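Please look at the sequence and the three-dimensional structure below before reading on.

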Amino acid sequence: MDAETILASQRGSVPRYTSYPTAPHFTDQDGLTIARSRIESLPDDEAISLYLHVPFCDRLCWFCGCHTKHTLKYAPVEAYLGALIKEMATVRATAGRRLRLAQVHLGGGSPSMLRQPDFIRLSSALRREFEVNDDTEISVEIDPSDVTEETLEGLVALGVTRASVGVQDFSDAVQEAINRPQTFEQTRDVIAALRATGIHSLNIDALYGLPLQTEERLVSTIDQVLSLAPDRIALFGYAHVPWLKKHQTLIRDEDLPGTMERFHHAALAADRIAAAGYDRIGIDHFAKPGDTMGIAAREGRLFRNFQGYTTDACRTLIGLGASSISSYGDAYVQNIVPTSQYEKTVLDGRLSAMRGVKLTLDDRIRAYMIERLMCDFAFSFDALEENFGYAARPYIAEARLVAANDRFGLCDASSNRFAIRDEARPFTRIVASFFDAYLDNGTVRYSKAV
């Protein structure tokens, strides 16, 4: 299989498919009306998931692709949290009851920069406006440079059950090139402190494709990550999109690895993690065999949302905070992006939903096919018909045609399913793009496929 030819093709840059349609193709439909109607009509017995976005960092990492802003003052963070809490109350009022939460995720930005009183404020509001029980998973993204004893006390007060620690790369040269100083010793000590509080479920995020990253530096980082024995590891490819994130222009193009170098780095790191006993999960995650994600993947219960791979089976994910995206099964809604406008809207007692898109039947069928390819590297024709009935038949025919016309030999449809060949799994995003009806109809630019 000629990786260089495949990656040089017109599909060498494709979406990451954390949703379908992907966010650039959300329309300007009335997101507020969609959000209100979906929240009002949630079944009484349905548990939901909640994503809380904290769009602030106390340092600006040049590689970052998130909606966030750099601040050296805490007052804007404190004020924003007040708006986030007000939005929780508005969601409860819209639903007419306290919604039961299966999972809560705090992302950013750097939610770990919150101070202890604000973690306590957030915890109180969460339990006042929603139903939180012993089965609710509460996870938070951690920047080790933020963590103090006060932070740890705040995480305990919030009831955090899972922490996701950002590492990226431990090489001094790479860290300088991305403006992310963080020693191994600092990271090791923070992870030990998190475990000491009772947070035993830990993820670590590492990146390949970073500036000045070499095989030696990447292997060293992976070995150090493995020495920390996380339950899960996410091995993301750095998405260099300076046309979207202007601060990425601070990273010199000449310092970035080439496409084939990225490809080899990804394979090298993945093989090393797998050799240490971790199960491969989808295209870029790894989990210990006994971890809930490892079990879910083996049982075909893996899903994909805006945070990546997840065991979250909830139909509804409500995003709170500026720029957050909600998923209602048949619609997506994105909140207002500018924080000042977001705060004004929610403090006035309104939902912050801005733009939305209602999924057509075509969208829902293609979303199902793409999610199963991203999670299982295959989808069953029988399952398509079970989910969508007679309407699935043209898509089954399309899948057979895609396999027949696949000039790279990435997939086949010889049995009662469409599947990505084992050796072609590094190109999963490319295969998923074969079913993307929006991809060739716009001018949106994407990151590299590996």
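Predicted model: local features only at pLDDT ≥ 70, side-chain atom pairs only at ≥ 80, totals over all residues.

Residues are numbered from 1 along each chain as its sequence is written, and side-chain values use heavy atoms, with hydrogens and water left out.

Helices (H or I, at least four residues) and strands (E, at least two) are DSSP runs, numbered from the N terminus. Consider strand β2, residues 48–54. A residue is called buried under 20% relative accessible area, exposed over 50% and partly exposed in between, with a 1.4 Å probe and protein chains only. In β2, 7 of the 7 residues are buried, so the strand is largely enclosed by the rest of the structure. In a regular strand, side chains alternate between the two faces of the sheet. Ile48, Leu50, Leu52 and Val54 point one way from β2, and Ser49, Tyr51 and His53 point the other way.

Which strands pair with β2? Two strands pair if DSSP finds at least two bridges between them. Strand β5 (residues 99–108) runs parallel to β2 and is joined to it by 7 bridges; Gly108 of β5 is the bridge partner of Val54. Strand β15 (residues 317–320) also runs parallel to β2, through 4 bridges, and there Leu320 stands opposite Leu52.

A nonpolar core is a set of buried Ala, Val, Leu, Ile, Met, Phe, Trp, Tyr and Cys residues joined through side-chain atoms within 4.5 Å. The largest such core has 75 residues, and Leu50 and Leu52 are among those that touch the most other members. Helix α3 supplies the largest share of this core, 9 residues. A second, separate core of 46 residues includes Ala392 and Val402.

In helix α2 (residues 31–40), Gly31, Ile34, Ala35, Arg38 and Ile39 are buried. Seen down the axis, the buried residues of α2 fall within an arc of 120°, so they line one face of the helix; the arc is that of the directions from the helix axis to the C-beta atoms. Asp30 caps the N-terminal end of α2, with a side-chain oxygen 3.1 Å from the backbone nitrogen of Leu32.

Helix α5 (residues 149–158) has Thr151, Leu152, Gly154, Leu155 and Leu158 buried. These residues cover an arc of only 160° around the axis, which puts them on the same side of α5. Just after α5, Gly159 takes a positive phi of about 85°.

Terms used. Polar contact = N/O pair within 3.5 Å; in protein donor to acceptor, adjacent residues only side chain to side chain.
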